[in-house]
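Open the model in your viewer and keep a selection panel at hand. The stops below go from the whole chain to single side chains.

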Amino acid sequence: MRKFFLQSLILIACLSTNIAVKAQTADEVIEKYIAAIGGKEKWKQINSMKVDGQSSDSNGFIYDPRGIDDEKLKFIMEMKNVKRGRI
């Protein structure tokens with residue numbers, strides 16, 4: 001009986017509190033991100049963009065314009081063979 005009373009009391013306390021919870025929609029998250037990176041108008045002014053990095057294809061070929069040294073090779077081998085990750 002005491003357990004039931006305690007559960008009922010907790011339920012009443014939870015239902016009687018007026019906590020407003022507002023979840024963000026995907027559109028709101030995207031709008032906030034665009035505002036944080038400078039706004040739509042600034043992005044429309046961009047004519048070109050340079051992307052630097054490495055790429056790989058589904059056959060496992062990895063291209064890095066800066067070359068692959070021993071440290072990178074060790075990381076790649078661990079990522080692909082031990083952790084079974086993707087690059």
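A residue counts as buried under 20% relative accessible area, as exposed over 50%, and as partly exposed in between (1.4 Å probe, protein chains only). This is a predicted model, in which local features need pLDDT of at least 70 and side-chain atom pairs count only at pLDDT 80 or more, while totals for chains, interfaces and linings use all residues. Residues are numbered from 1 along each chain as its sequence is written, and side-chain values use heavy atoms, with hydrogens and water left out.

**Whole chain.** Colour by pLDDT, the predictor's confidence in each residue, from 0 to 100. The protein averages 80, and 89% of the residues score at least 70. Switch to cartoon: there are four helices and two strands, in the order α-α-α-β-β-α from the N terminus. Helices (H or I, at least four residues) and strands (E, at least two) are DSSP runs, numbered from the N terminus. Select residues 26-36, helix 2, where mean confidence is highest, at 91; then select residues 55-56, strand 1, where the mean is lowest, at 72.

**Surface.** Of the 87 residues, 7% are buried. The accessible surface comes to about 8,600 Å², and carbon and sulfur atoms hold 59% of that; such areas come from the Shrake-Rupley method with a 1.4 Å probe, and for residues only the protein chains shown count as cover.

**Helix 3.** Select residues 40-44, the helix that contains Trp43. Glu41 and Lys44 lie three residues apart in this helix, about one turn. They form a salt bridge with the closest N and O atoms 3.8 Å apart, a salt bridge being a side-chain nitrogen of Lys or Arg within 4 Å of a carboxyl oxygen of Asp or Glu. Both ends are exposed, Lys44 at 62% relative accessibility and Glu41 at 55%.

**Asp64 and its partners.** The whole structure has four salt bridges. Show Asp64, Arg66 and Lys72, which are linked in a network of them. Asp64 meets Arg66 at 3.5 Å, N to O. Is each of these two buried or exposed? Asp64 is buried, at 7% relative accessible area, whereas Arg66 is exposed, at 57%.

**Glu78 and Lys83.** Select this pair next: their salt bridge has its closest N and O atoms 4.0 Å apart. Glu78 is partly exposed at 37%, and Lys83 is exposed at 56%.
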